[in-house]
Amino acid sequence: MRSLVGLSAVTLLYFGGVAFAWLFGRTNEGVAMVWVSGAVLAVWLCVADRRGRIGALITCAIVSEIGAGWFGPGWAMGAVLTAASLGEATAAALLTRRTLRKAWPAATIEMAAVFLIGTALVIPACSGLVAATALHLVKGVAFGPAFRAWVLGHGVGLVAIIPFGMTALTRFSAWGGALIDRRHAAGTVSDDRSRPSKVLASLLMLATMALLNVCVFEQDIRWPLAAPLVFALFAAVWADVLIATAMPVLVALIAAPLTAAGIGPIAPGLPLAADRLQLGLVYAGLVACCSLPLVVEHARRRQEIARLSRSAAHYQAKSQRADDLIDELRRVSLTDPLTGLPNRRAFFDSLAVQSASNEPACVAMIDIDHFKQVNDRLGHAAGDTVLCHFSDLARKAFRASDMVARIGGEEFAVILRGISVEQACLVCQRLVDRLAETQITTAMGAVRVTISSGIAPIHQDGEAAMAAADRALYQAKREGRSRLSAVA
């Protein structure tokens, strides 16, 4: 459906260009000087698929013959001119596609040079040779003026219209695709806050160029002719590509009609309107030829900057993911997978830091009494449930500044910071009592367990404190379990 709409639009534009050229842009030699139809067709041939290109060539051939028959030199001569025009558009499209494919973005200056030489000179000269020869032989038209008029009209049309048409069609297709994607993704179209300012800046540049051309071509002094060219070069560097490629088209739309009407600095001295029109088109072509290399080069630089920005963002994201992965691996390496408590390594790292400080602290060793019997009687799954239940109680029993860790099968250790041994005993005793009063529900039935604990102060030697707490723990077990013992 979209290709059919595009084909219809190209056909209508082509016919409109043909009718306008024959009705308003003919020279005395009968050659249409203002020829944008070939450029419109060339743009479509560059972007359409094979069926779209064949369809466009057929429909444009038909409307071109109709236009030549109704408004131009007649049906027979129209067939020759149509063949020359379609061949010209096809050659321009092939040249544009090939230069883009081969030279972009590695050799932009070479690409612009090949495009300009091909579309402004070589291709129009070849088609003009066919057309002028046919007009000379059949109509008796002078070969030189007809050839010059054809090359100027068609060359300026190709040079000015193809870059703008390619950019506009590509840009609108991208905007349409993005619009559809956003509608499917979110149900609504999200606003781009930066777009209104960009559109406003683009409109201001177009308005400035239009006003500048009107001012230049409404007076007779010639030195201001440099102003539109300089502004077009400025736009090539700073403006969006679509706006930069539109500048030569805008110049042609203003300079050529005013000059043809005998108004402006380049009109005096030329009695024929056709000659004045040619000169206006030459000026527009000069603007296009001078600005296009800059437009292409700066488009390449913008693309390269965007690519580097995307690459930087990509590698930054990968680096962030790597950092997150390292942090996750570090966390996993310091965490007990069953209970979620810090593991033995994390505990002893914290104990070394704590023993190197001057802050008063205590260490408590905790062991679940007769835990092996729970595993043997109810299974290891029930034992895991007991371990997890005790871990939850321990988290709630101690402060956030304390550190509870699982350092073995049923062995736990706690660093209690900023308290004395007596205060540590009070805290641990509450945990002993709470667990003894708790019935733990497992998949194999309910079970009750108790804990024994040994407490020792942490001085400058963490290992010595652990050894003292371990001796106190075994003292509590020897005294009957479900209790604690402390070392002063």
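Guide: At 3% relative accessibility, Asp369 counts as buried, because buried means under 20% relative accessible area, exposed over 50%, and partly exposed in between, with a 1.4 Å probe and protein chains only. Please note that this is a predicted model, in which local features need pLDDT of at least 70 and side-chain atom pairs count only at pLDDT 80 or more, while totals for chains, interfaces and linings use all residues. Residues are numbered from 1 along each chain as its sequence is written, and side-chain values use heavy atoms, with hydrogens and water left out.

Visitor: With which residue does Arg481 form a salt bridge?

Guide: Side chains of opposite charge can pair when their charged atoms come close. A salt bridge is a side-chain nitrogen of Lys or Arg within 4 Å of a carboxyl oxygen of Asp or Glu. Arg481 forms one with Asp369, and their closest N and O atoms are 4.0 Å apart. This pair links distant parts of the chain, 112 residues apart: Arg481 lies in the loop between α15 (462-478) and β7, and Asp369 in the loop between β1 and α12 (371-378). Helices (H or I, at least four residues) and strands (E, at least two) are DSSP runs, numbered from the N terminus. Arg481 is partly exposed, with a relative accessible area of 29%. A network of salt bridges links Asp367, Asp369, Lys477 and Arg481.

Visitor: How many salt bridges does the structure hold?

Guide: The structure holds 13 salt bridges. One of them joins the side chains of Arg301 and Glu297, at 3.0 Å from N to O. These two residues are 4 residues apart in helix α10 (residues 273-333), and so are separated by about one helical turn. Arg301 is partly exposed at 43%, whereas Glu297 is buried at 12%. Another salt bridge pairs Arg399 with Asp402, with the closest N and O atoms 2.8 Å apart. Here Arg399 is partly exposed, with a relative accessible area of 39%, and Asp402 is buried, with 10%.

Visitor: In what order do the strands of the open sheet lie?

Guide: Two strands pair if DSSP finds at least two bridges between them. In this structure, 5 strands form an open sheet of mixed pairing, in the order β2-β3-β1-β6-β7. Its edge strands, β2 (403-406) and β7 (484-486), each pair on one side only. Within the sheet, strands β1 (residues 361-368) and β6 (residues 451-458) run antiparallel and are joined by 8 bridges. Val363 stands opposite Ala456 in β6.

Visitor: How many disulfides does the structure hold?

Guide: A disulfide is a covalent bond between the sulfur atoms of two cysteines. The criterion is a pair of cysteine sulfur atoms within 2.5 Å. The structure holds 0 disulfides. Cys362 is in none, and the nearest cysteine sulfur, that of Cys425, is 7.7 Å away. For Cys425 the closest cysteine sulfur is in Cys428, at 6.9 Å, which is too far for a bond. Cys362 is buried, with a relative accessible area of 1%, and Cys425 is buried as well, with 16%.

Visitor: Which residues make the nonpolar surface patch of about 350 Å²?

Guide: Patches are made of residues with over 30% relative accessible area and no salt bridge; like charges are joined within 9 Å, and nonpolar side chains (Val, Leu, Ile, Met, Phe, Trp, Tyr) within 5 Å. Accessible areas come from the Shrake-Rupley method with a 1.4 Å probe, and for residues only the protein chains shown count as cover. Phe20, Leu23 and Phe24 make this patch. Phe20 is found in helix α1 (residues 2-24) and counts as partly exposed, at 43% relative accessibility.
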